[in-house]
Amino acid sequence: MNLDAVEDYEDFIKFEHINILCARTLIAEVKRSFEVPDCFPDNKGIHPIIYSVVLYDTSGDDDINLNDVIKKSVLDSLTCTLPKHGVSSCAYLTHVKSSGEIYLRFLHPEESWLEKLLEKYGLQFEESYLEPVESLVNRICVAKYSDGHWCRVVLDNVYETSNPEMVKVLYVDYGHDGIVNRSDIRKLEPISEFLAFLPYQCVECELFDAVPWSGAKWTEAASSKLMEMAPFNEEIMIRVMHDGSEGNLTKVNLYKRNEAGDIISINQTLANRSDLFHETSVSLAKNMSPETHLFLKLRNNFKQNKSSLSSFMPDVVVPAEERAKKVVTTPVTPNTNFIEWISTPDNIKSPDTYEYKSPESLVSPEVPPVGEIFDVFVTMAAHPHNFIIQPYQTCGEMDNLMKKMKQFYSAEENSCDMHLSVLKENEYYAALHTDKLWYRVRLERVIPGEPVMAAIYYVDFGDFNTVSMEKLQPLYQAFRSLPCQAIKASLADVKPLEKDWAPEHCIRFKEIVTEKMFVSVIRGKHEPDFPDSSNLLLELMLIDTSSPDKDIYIHKLLIEEKLAQAV
């Protein structure tokens, strides 16, 4: 069976939305049924009818429609909200108001699931009944835009236009006003309840410190420059500088990359253009931040202090044409033949904040062919046919990576809130261990509860663990260049004395090999089905060369100690 009237919600339903149905006795009201004759072709005994039901929780005084609860939970999870203070995210600038406030959205403004869903219902919108627009005031409707596409709108006041055939609307997923013909407006709820109740997919905020002086008035020229730097369908990066409060909007910094790969501070570029503003009172307040500065970067004999983040990030540069217009309010004018203006943001969120593609997946390390020598370090062992190795050649790179991860993720300003909706199984994250170090992990599965837990696999060390969701952070591209270091291994030329390895033999093997370096010879290789090394299995001959007198072959040692038998 399936849940009735949730078709538009299905692509967004996650386990946390439907876990209220698990292990409970519920009442089902059958709304409709339909036959699917080829649903189970190999098992003719299964009833090929699917029932569409509404589920009710009748355990309390009032019956609760759980279909409605699930739908509301899905809609709540799709609310368009800005990140918390100090955290960055990718976004799109969709509208700039005449007073300087801006609208941002996190879905692509032309190619997201929202636009595709509206397009799906386009024919139904065209053929649907025309209702008096007066009855649709303050409700989300759809209206045909000038390009023929349907958009969600809200009617504020149907009497504001001089032409009685036209109506003023607000495009709720973009933030701008518009005038549309009454005949191009449709009631949305009868066609798609999901779209009718979906929260607005844009959010209003203010630019932080983007005017050249206190009292500067935002102008149309400033709006044009802003939209030139952040075109409608071009992804930018935002960072929340001040959280909004009652009567005050959230203030943000905007950044982008230029063609040379430099990170441009859009706010600072606007602040450098005094010619774009007028001297009068302004609603867009200038909030001076002690953390945002302009540094003079000498081309020679100048060394800038680096934070935990800056070693991963390029400098943020104000373009040359903007630097030329910068008004310097210091007694001494610098010699621009030897210096350049560098706009340094207070601290950008991540080492790969401005990557436009998704982070690359981790890959397996390079392993020599069968028959070749392979220096390894054993990180953990269960028994001779199940232990974990790392390539010894890259141990130094691994140590350096661990240091960088600890340095970066230990900085509070680099952390971000992790929500259940953003966790993806088989994706890679950084996880904080009880030893206070950060490790690269792969999410095996999410365990709902209070708190939400995550089953993880340490891709560089080979063990499994369970941590709370709060212990996870995104694994940025800067920490993905080193391949997965943990490789499963099996000792060649031996087998257990009986059917399985005896516990005491496992303990002894662990004492012999764990946290030690060996020269190995690859006797067999089983390639992985996935790009990381968790499914790569090597059959190895381990040789301990630490003794100056002789080399010790581990498989022979086990046979001599009667812990194993030869194959």
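I began at Tyr56, which stands opposite Asn65 in E4. I took strands as DSSP runs of E with at least two residues, and helices as runs of H or I with at least four residues, both numbered from the N terminus. Before going on, I noted that this is a predicted model, in which local features need pLDDT of at least 70 and side-chain atom pairs count only at pLDDT 80 or more, while totals for chains, interfaces and linings use all residues. Residues are numbered from 1 along each chain as its sequence is written, and side-chain values use heavy atoms, with hydrogens and water left out.

I then followed the partners of E3, counting two strands as paired if DSSP finds at least two bridges between them. E3 pairs with strand E4 (residues 64–65) in the antiparallel sense over two bridges, and the two form a hairpin with six residues between them. Strand E2 (residues 27–35) runs antiparallel to E3 and is joined to it by eight bridges; here Ala28 stands opposite Leu55. Strand E1 (residues 2–3) pairs with E3 (residues 49–57) in the parallel sense over two bridges, and Asn2 stands opposite Ser52.

Next I looked up an open sheet of five strands, which has the order E25-E24-E23-E22-E26 with antiparallel pairing. Its edge strands, E25 (464–468) and E26 (472–474), each pair on one side only. The twist averages 50° from one strand to the next, with angles taken from 0 to 180 degrees between N-to-C directions of axes, which are lines fitted to C-alpha atoms, for helices over the stretch in contact.
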